[in-house]
Amino acid sequence: MPDAEDVRRIALSLPDTAEKIAWSMPTFRVAGKMFATLPEDETSMAVRCPKEERDELVRAEPGKFWVADHEAQFAWIRVRLTALEDEAELYDILADSWRQSAPPRLLDHHPELGLPAGE
């Protein structure tokens, strides 16, 4: 089961990613734009997710995904690390969030990251 150190390791393995402390927690940014955070006790993470998809994920897997009250108006979702199947699922979630934040030049230079399934 993935943990906070796995989040950190995988996030920092993505191109042009840096870790920065903000709001007293680790945040991960691609080209300066935030795509993931490790809130409070580091048992979950927050990642970018379009609101339409976010709502579907929460309904489908409420034990894995939820929306924090203060993030409800934004395109972010929380993920319980203990509910993830493995590091591959963690990687897919972080890479998807990274793609949503990365500038086009990085997306063009890193086709190995591909597009999410179905696109």
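I started with S97 and its neighbours: S97 touches F35, V47 and R48, leaving out residues up to four places away in sequence (contact means heavy atoms within 4.5 Å). This is a predicted model, where local features need pLDDT of at least 70 and side-chain atom pairs count only at pLDDT 80 or more, while totals for chains, interfaces and linings use all residues. Residues are numbered from 1 along each chain as its sequence is written, and side-chain values use heavy atoms, with hydrogens and water left out.

Buried or exposed, I wondered about S97? S97 is buried, at a relative accessible area of 0% (buried is under 20%, exposed over 50%, partly exposed in between, with a 1.4 Å probe and protein chains only). I found S97 in helix α3 (helices are DSSP runs of H or I, at least four residues; strands are runs of E, at least two; both are numbered from the N terminus).

Next I looked at α3 (residues 87-101) against α1 (residues 4-13): their axes come within 10 Å and cross at roughly 50°. So α1 is oblique to α3 (under 35 degrees is roughly parallel, over 145 roughly antiparallel, 65 to 115 roughly perpendicular, the rest oblique). From α1, D6, V7, R9, I10 and A11 meet E87, L90, Y91 and L94 of α3. By class, I noted six nonpolar, no polar and three charged residues in that contact.

Last, I checked H70, in the loop between β5 (65-66) and β6 (76-80). H70 is exposed, with a relative accessible area of 55%. Its side chain makes a polar contact with the side chain of R78 (3.5 Å).

Note on methods:
Axes are lines fitted to C-alpha atoms, for helices over the stretch in contact, and angles run from 0 to 180 degrees between N-to-C directions. Ala, Val, Leu, Ile, Met, Phe, Trp, Tyr, Cys and Pro count as nonpolar, Asp, Glu, Lys and Arg as charged, and the others, Gly among them, as polar. A polar contact is a pair of N or O atoms within 3.5 Å; within protein, one must be able to donate a hydrogen and the other to accept it, and residues adjacent in sequence count only if both atoms are side-chain atoms.
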